[in-house]
Every structure is written in C-alpha cells, then in structure tokens.
Amino acid sequence: MNHLEPASQSRQQQIFTVTRLNSAVRMILEQDLGLVWLTGELSNLAMPSSGHWYFSLKDMSAQVRCAMFKGNNRRVPFRPQDGMQVLVQARVSLYEPRGDYQLIIESMQPAGDGMLALRFEELKRRLGAEGLFDEGRKRPLPREPRAVGLVTSATGAALHDMLTVLERRAPDLPVFIYPTQVQGSAATAQIVSAIMLANRRAEVDVLIVGRGGGSLEDLWCFNEEAVARAIAGSAIPVVSAVGHEVDVTISDFAADLRAPTPSAAAELVAPDRSTRAQRLVHLRQRLTQAMSRHQVAARHGFVLLQKRLDHQDPKRRLEQQSQRLDELDRRLQQHLRDRLHQGERRLAGLAMRLQARSPEKRLAIGKRRHQLAEERLHALIAKRQDLAHHRLAMLGARLDGISPLATLGRGYAIVRTPSGEVIRRASQVNAGQTLITTLAEGALRVRVDEVDNR
C-alpha cells in the first residue's frame, strides 16, 4: 500500500481539465517560440466585418491556420489574396475554445522582397549588436571641406545630380570621382575597393557613397556586410545617399550621416551661406536616428514585458473572444442563408402547386378535354355512320338477291286472288275465276277460262 499511494497521488496531480490543458499549451507555445518568420502561400482568406483576417498559410506538404487582428493588418501596405506568396512574422499560439494550433500574425509582406527584407533585418540586428551602428562612432561632417569624394557610377544620373548641386553651391570645391558599379554581383567588391582607394589617397575630407533609386534588388549591394564594414571602417567621414527618401539600406546605418537622395547629400557636404540651416538638418538627421533606435529598444522591452504578462493580458482574451465571435457570426450567417434558401425553395414549390390548381388552368384543361371528347365523338359518329351505310348496302344487296321483284324483272309474275292469296297450284283456281297478276311493272286482272291440273 505504501508503494501504491505515491503513484496514485502523482496521477491525481497530473489530471488537467481541457481548458487548463489548452491554456498551458498556449503559454508554452507563445513563451518558448516567441516571434518566428516564415513564408508560404495564402489560402481560404476571410475578412469579416470585425476587421480581422483569417486564412491558412501552406506550402507543398503542410498548412497552418492563421489569424491577423485589425490592429496589425492595418499596417499591411497591400491587399492580400488567395494564392499569394507572403513572408510573415508570427507568434505561435493556440485557439483555446477549439484546441486548434494557429499563428497570430504580427506583420506581412510579399515573399519576393520579403526574403531580402529578412536578410536585411538579420544583418542589421547582428551588426547593430556589434556596435557598428552606435551613435558614438559617428563623426561630424567638416563644415568647410577642402575636397569632396563621390563613390558612385560614372554614367548614372546620381553623379550628374550631385555635380550640379556642388557646382551651384560651391563651384570652387574640388570633386574627386571614384567610379564603381552600383548594381549587380560585382558592385559590392568595387564599392569596397573605391572606399579603400579614397582612404589610401587621403585627398578628400568627406565621401558620398550612393546611387539613384531602384528596386530592393537593385539597391542590394548597399545592404552587403562588406560594404557596411568598409563604410564604418573608413577614416574619412561617409555620407550614405542611396536611392530615394523612402529607401533605407544597411549602408545608411553604418555611415556617419544618411542623406535621403544623392542631391541632398551634395547639399549637406557643400558649404553654403545657410550653414546654420545645414546644421539644423544634420541635427534633425541625428535626432531621427536616435529616436528610431530608442523606438527599437522600447519595442524590444515592450515585447519582453508582454511575454511576462501574457497569462493575464486582457488583450489575448479579447483576441480569443473576438475570434470566437467571428466564428459564431459566420455560422449564424450560414444558418440564415440556409433558412432563406429553404424558404425560397418551399415558396417556389407552393407557387407551382398553386399554379397547377389555378381555376384558369383547370378550365383550360377542361376545355381541352371537352374538345378532345367532342372530336372523338364526331369521329365515332362518322365511323358508326360509315359502318351503318356499309351494312345497309350489304343488306340491300342481299335483299335484292332474294327480292321477288328481281324475279319479276326476269319475266316472271305473281298471281293472287283478289283477296291476296298467292296461287301456287292450278288446283287453287276454278274456271271463270278472276285473278290479279303482278308483273315487274304494273299488274293485270285476268279471268281463267280453263284450268289444267297437269
């Protein structure tokens, strides 16, 4: 008994209710896995009136249910559709009422640029952790540079724009061009070589590294680690001027200053009468970068606190209840549609039955039946008449065959007494008796002179 009691107690301690088990599994999934990146194809996308999105994310051999609440899907810059390949950042979770394993999507982007964006974020995190982007490493730009170096394409529009701005703002300022490719597989090595060449020659006080706008793939050489390390390791202050204002690259974080465009970079490095305005622009850039880093750090701290408070965070419960409400709303809508279709079918059946019993239709059927009966009656009467005429003709022919009139027509006569008795034997007549002789045409009254009984 002593050996059995602990085992029994141990089993009792492991008994879970279904609700407790689902809650425990959800906590394990959300706390241990945290945020994950994954890519796949959208399917079964539903967007109910609540504003939340529900869909499945699948690949060739598996799929998983996903929910993206309206607080997050408002930041998605495109309209998702079934069959679209996407890259998502998600929190692994469990929908407790059904015990369904699901993903709570935090962000979504198209998969083509998404993989590059994932590499971008990974490199940014890794180099940032090394301190490569620390504000303390960045150097101020010289207010009165002796010469400016341009690391860019010798045939690009960006070079023309920068030379135009430098000519307008500081026509006496020497400009050194370090030509390089700014797109393609060979661009990374050439950009690194150009930056190193400028440092060896030490003939300029500030470098502008950049190019004009393009797609994420076109600008990717400025997101390579080698270029970022070359910029960060440059003894000459570097201004990153890649693409347009909305384009952000790893080079922007590694450089001493980011310019929104190549033309803006030329305005920043070239001295001008409005030096004070330039300084304000510089301070604004630094403040923006500091605020961005502060926001990243604050967001990271918020995620940690959110994980610690997950088990008592009312937002999760609201999300669960909101998802359940959407599910019940779908079921109610489906039930109402089914009832409506049943009513429509029943109404159509009753309409057909009413139409079949309509007095007008029944009167038309009766008229048709009367017409058919009348036609059959006329046909039957005509047939009976034909049969009667035929039979009458046959009987007439037979009667004519046995009629004494026919016999009379061949020269015979019928002899009768005045009382109508037919004379068949001579012994019936006496001499001197009057007889009536009927011929085929007319009759004779004759007197018997002599009787011959032979």
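View 1. Strand S6 (residues 148-152) and S7 run parallel and are joined by five bridges, where helices (H or I, at least four residues) and strands (E, at least two) are DSSP runs numbered from the N terminus, and two strands pair if DSSP finds at least two bridges between them. Val 148 has Val 175 of S7 as its bridge partner. The model is predicted, so that local features need pLDDT of at least 70 and side-chain atom pairs count only at pLDDT 80 or more, while totals for chains, interfaces and linings use all residues. Residues are numbered from 1 along each chain as its sequence is written, and side-chain values use heavy atoms, with hydrogens and water left out.

View 2. The open sheet has five strands in the order S7-S6-S8-S9-S10, with parallel pairing. Strand S7 (175-179) and strand S10 (257-258) stand at the edges, and because each has a single partner strand, one side of each is left without a neighbour in the sheet.

**View 3. Strand S9 and its partner S8.** S8 and S9 pair in the parallel sense over five bridges, and Arg 211 stands opposite Val 242 in S9. Five of the five residues of S9 are buried, so this strand is largely enclosed by the rest of the structure; buried means under 20% relative accessible area, exposed over 50%, and partly exposed in between (1.4 Å probe, protein chains only). Both faces of S9 are covered, with Val 238, Ser 240 and Val 242 buried on one side and Val 239 and Ala 241 buried on the other.

**View 4. The largest nonpolar core.** This core has 33 residues, and those with the most contacts inside it are Ile 191 and Leu 207; a nonpolar core is a set of buried Ala, Val, Leu, Ile, Met, Phe, Trp, Tyr and Cys residues joined through side-chain atoms within 4.5 Å. The elements that give two or more residues to it include helix H4 (111-129), helix H6 (187-201), strand S8 (206-211) and helix H7 (225-232), and H6 gives the most, with six residues. Not counting residues up to four places away in sequence, Ile 191 touches Val 151, Thr 180, Gln 181, Val 209, Cys 221, Phe 222 and Val 227, contact being heavy atoms within 4.5 Å. Apart from this core lies another, of 21 residues, among them Leu 141, Leu 173, Val 206 and Val 239.

**View 5. Packing of helices H6 and H7.** The axes of H6 and H7 come within 9 Å and cross at roughly 10°, where axes are lines fitted to C-alpha atoms, for helices over the stretch in contact, and angles run from 0 to 180 degrees between N-to-C directions. That angle makes H6 roughly parallel to H7 (angles under 35 degrees count as roughly parallel, over 145 as roughly antiparallel, 65 to 115 as roughly perpendicular and the rest as oblique). Thr 188, Ile 191, Val 192 and Ile 195 of H6 make the contact with Ala 226, Val 227, Ala 230 and Ile 231 of H7.

**View 6. Helix H9 and residue Leu 94.** Six of the eight residues of helix H9 (residues 262-269) are buried, so this helix is largely enclosed by the rest of the structure. Leu 94 has its place in strand S4 (residues 85-95) and, at 5% relative accessibility, counts as buried.
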